[in-house]
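Please keep the sequence and the structure in view while reading.

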Amino acid sequence: MAEVLIRIDQIVKRFDDNVVLNGLSLDIHEGEVVVVVGPSGCGKSTLLRCINGLEPVQEGSITFRGEKVDGKAKTITALRQKVGMVFQSYELFPHKTILDNITLAPMKVQKRSKADARKEAEELLDRVGLLDKKDSFPRQLSGGQKQRVAIVRALCMHPDVLLFDEVTAALDPEMVREVLDVILDLAKQWKTMVIVTHEMSFARAVADRIIFIDQGKIVEEGKPADFFDHPQTERAQAFLQTFTFDKVEKEPE
């Protein structure tokens, strides 16, 4: 079994009187692709934000390589370099070119040279089919292109794990596949990822393990084939009956 990269131990997250995560525990191993699914409002996105220290927990703990995740700690900036996050809203700077958006953090935070940061950014842009857009501005790109840029920006920080928060939710249907293909490619490279998605066919294709959350708790977890073909709980069965599935295949290794 690979090393436990992230350990989530009995966390409770409240917003005022609303309990969003209720005693949730989960280990994420190095090289594992964990996909978190569940109904809207069940706590999926909040879980990612807690992992990255963007939201504090009221009870329990989250550790990354044994170090406690604390959004107020002096070490949180260094930790966030290792726990990259890609949001559904891209978060690109509108007044900077695509290349400048990608190289800003490596240069400012990691103190890498401009030449080194640009070289890696261009290599990654080429890999996702966007090298010709390096001098463009975000407003000149489609939603799918901007999301691919956001993924490249996260990769340039050399994170140990990538968190994806509903990265296709804001996209037109025809743009969804281009983003999912990039994430599928990352999965084949043994990248550790935690993915929140409503794209069930994609979840089945990319995941090593499915985590089904409802009302702030893990209701069921298992391998994709087991979860989608033979869900064990009535709640998971009811959830899956609301979806129709298009086939999404992993390419052969």
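A residue is called buried when its relative accessible area is under 20%, exposed when the value is over 50%, and partly exposed in between. The model discussed here is predicted.

**Burial of selected residues**

Gln-81 belongs to helix H2, which covers residues 76-82. With a relative accessible area of 18%, Gln-81 is buried, because this value is under 20%. Leaving aside residues up to four places away in sequence, Gln-81 touches Val-109, Gln-110, Met-157, His-158 and Pro-159.

Leu-162 is placed in strand S7, residues 161-165. Its relative accessible area is 3%, so Leu-162 is buried. When residues up to four places away in sequence are not counted, the contacts of Leu-162 are Gly-84, Ala-154, Leu-155, Leu-186, Thr-192, Met-193 and Val-194. Leu-162 and Val-33 stand 129 residues apart in sequence, while their C-alpha atoms are 9.5 Å apart in space.

The table sets these two residues beside two others that are discussed in the next section.

| Residue | Relative accessible area | Class |
|---|---|---|
| Gln-81 | 18% | buried |
| Leu-162 | 3% | buried |
| Tyr-90 | 15% | buried |
| Glu-91 | 46% | partly exposed |

Most residues other than glycine have a negative phi.

Strand S9 (residues 209-214) and strand S10 (residues 217-222) pair in the antiparallel sense over five bridges. Within this pairing, Ile-211 has Glu-221 in S10 as its bridge partner.

**An open sheet and its helix**

Strands of a sheet pair through backbone hydrogen bonds, either parallel or antiparallel. In this model, four strands form an open sheet with antiparallel pairing, in the order S2-S1-S4-S5. Which strands lie at the edges? Strand S2 (18-29) and strand S5 (67-68) are the edge strands, and each of them pairs on one side only. Nine bridges join S2 to strand S1 (residues 4-15) in the antiparallel sense. Among the paired residues is Ile-11, whose bridge partner in S2 is Leu-24. Helix H1, residues 44-51, lies across S1, S2 and strand S4 (59-64), and runs at about 120 degrees to S1.

**Helix H3 and its cover**

The buried residues of H3 are Ile-98, Leu-99, Asn-101, Ile-102, Thr-103 and Pro-106. Their cover includes helix H4 (114-127) and helix H5 (143-155).

**The largest pocket**

The largest pocket has a volume of about 560 Å³. Of the 21 residues lining this pocket, those closest to its centre are Arg-80, Met-85, Ala-105, Arg-153 and Met-157. H2, S6, H3 and H5 are the elements that each give two or more residues to the lining. Which element provides the largest share of the lining of the largest pocket? That share, four residues, comes from H2. Sorted by class, the lining of the largest pocket consists of 13 nonpolar, five polar and three charged residues.

**The cavity**

The structure holds one cavity of 30 Å³ or more. The volume of the largest cavity is about 30 Å³. Its lining is made of Glu-166, Val-167, Thr-168, Leu-180, Ile-183, Ile-195, Val-196, Thr-197 and Phe-202. Helix H6 (173-188) and strand S8 (192-196) are the elements that give two or more residues to this lining. By class, six of the lining residues are nonpolar, two are polar and one is charged.

Definitions and conventions:
Residues are numbered from 1 along each chain as its sequence is written. This is a predicted model: local features need pLDDT of at least 70, side-chain atom pairs count only at pLDDT 80 or more; totals for chains, interfaces and linings use all residues. Side-chain values use heavy atoms; hydrogens and water are left out. Buried means under 20% relative accessible area, exposed over 50%, partly exposed in between (1.4 Å probe, protein chains only). Contact means heavy atoms within 4.5 Å. Two strands pair if DSSP finds at least two bridges between them. Axes are lines fitted to C-alpha atoms, for helices over the stretch in contact, and angles run from 0 to 180 degrees between N-to-C directions. On a 1 Å grid over the protein atoms alone, a cavity is a set of points where a 1.4 Å probe fits but cannot get out, and a pocket is an open set with protein on both sides within 12 Å along at least five of seven lines; lining residues have an atom within 4 Å of a point. Grid points are joined across faces, edges and corners, and a volume is the space filled by probe spheres set on the points. Ala, Val, Leu, Ile, Met, Phe, Trp, Tyr, Cys and Pro count as nonpolar, Asp, Glu, Lys and Arg as charged, and the others, Gly among them, as polar.
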